[in-house]
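Hi,

Here is the model I promised to pass along.

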Amino acid sequence: RIAYVNGRYLPQRDACVNIEDRGYQFGDGIYEVLHIHDGHFVDTDLHLARLARSLREMALARPMSDAALLAVLREVARRNRVTEGIVYMQITRGVARRDHAFPRAGTAPALVVTARHGNAFPRDIDAWAAGAITVTDIRWGRCDIKSVNLLPNVLAKQKAREAGVYEAILIDASGNVTEGSSTTVWAVDANGVLRTRQLDDHILPGCTRAALAAILAENAVAFEERGLSETEFRAAREVFLTSATSFVKPIVTLDGATVGDGKPGPVARRLFALFARHAD
Ligand code: PDD
């Protein structure tokens with residue numbers, strides 16, 4: 001496998017970052033994950049726009065233009081011959097003597113890009129359906145920034161892994177669903193209304209969420225950007241997740257209880273198909 005590290009393409013086993021990289025020491029960096037399908041990146045513009053937003057919110061210098069970045073992403077995918085998989089990019093505030101405050105102006109940001117095979121689009125939604133658990137959302141107040149500070153997400157996902165399910169869905173201190181540890185949460189509530197939480201500082205603005213919202217509008221499918229309480233969530237007819245690597249993923253068990261009739265529901269089925277067409 002070949003990685004891009006600060007201007008060089010290297011075999012991944014030889015690719016290293018400095019031990020005083022601020023990403024390593026402080027989690028002072030951001031990232032993006034894009035799905036590669038049939039040799040092309042899915043929702044590229046949305047990911048680049050979110051990257052720009054994360055950079056701005058962190059006052060992080062941009063290592064290169066979007067066009068140059070896209071060329072690097074393509075080159076990493078090409079050198080790894082990835083036509084179905086994912087590309088990962090990470091930008092940190094670079095290497096500096098350890099000091100919490102930002103290093104002096106001019107410190108070069110560090111850029112790392114890797115790609116890997118797999119994560120092909122599932123053909124069968126029933127086989128793609130999965131379970132989830134709920135856990136307390138213990139994250140910070142700026143979850144809208146796609147930062148590499150992922151410890152609470154890591155701990156949540158590990159709980160899901162240990163419970164033998166796909167995802168941990170986070171419930172905040174007010175008893176409302178925020179999002180999954182690495183996914184956006186959607187539900188069809190007990191009244192049949194399709195809902196996903198409104199965007200603010202407490203969740204990541206998902207690119208797949210945005211793409212799906214556009215697809216819904218194009219197909220005149222109504223939905224509300226309104227969060228669900230835990231009680232509403234447990235009474236939902238359908239639950240599904242979205243992300244660049246989960247696509248539209250039906251959740252059919254929640255904390256061991258069946259969601260709906262325990263199979264992907266009609267809304268998830270329709271959106272799964274519409275999203276597959278969009279990514280093609
Ligand atoms: N995760 N919420 C969180 C906390 C996420 O980490 C992600 C993405 C999403 C969905 O965003 P998008 O639709 O843009 O992928 C929501 C990526 C896939 C990851 O960390 O691997």
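The largest nonpolar core has 31 residues, and A168, A187, F240 and I251 touch the most other members. By nonpolar core I mean buried Ala, Val, Leu, Ile, Met, Phe, Trp, Tyr and Cys residues joined through C-beta atoms within 7 Å; buried means 20 or more other C-beta atoms within 10 Å of the residue's own, with C-beta atoms placed from the backbone. At least two residues of this core come from each of β7, α5, β8, β10, β13, β14 and α8 (DSSP runs numbered from the N terminus: helices are H or I, at least four residues; strands are E, at least two). A second, separate core of 24 residues includes I36, V82, M89 and V112.

Please keep in mind that this is a predicted model: local features need pLDDT of at least 70 and side-chain atom pairs pLDDT 80 or more, while totals for chains, interfaces and linings use all residues. Numbering starts from 1 along each chain as its sequence is written.

Domain 1 puts 20 residues into the contact and domain 2 puts in 13, counting C-beta atoms, placed from the backbone, within 7 Å. On the domain 1 side, β3 gives the most, with eight residues.

Cheers

Terms used. Buried ≥ 20, exposed ≤ 12 C-beta atoms within 10 Å, placed from the backbone. Contact = placed C-beta atoms within 7 Å.
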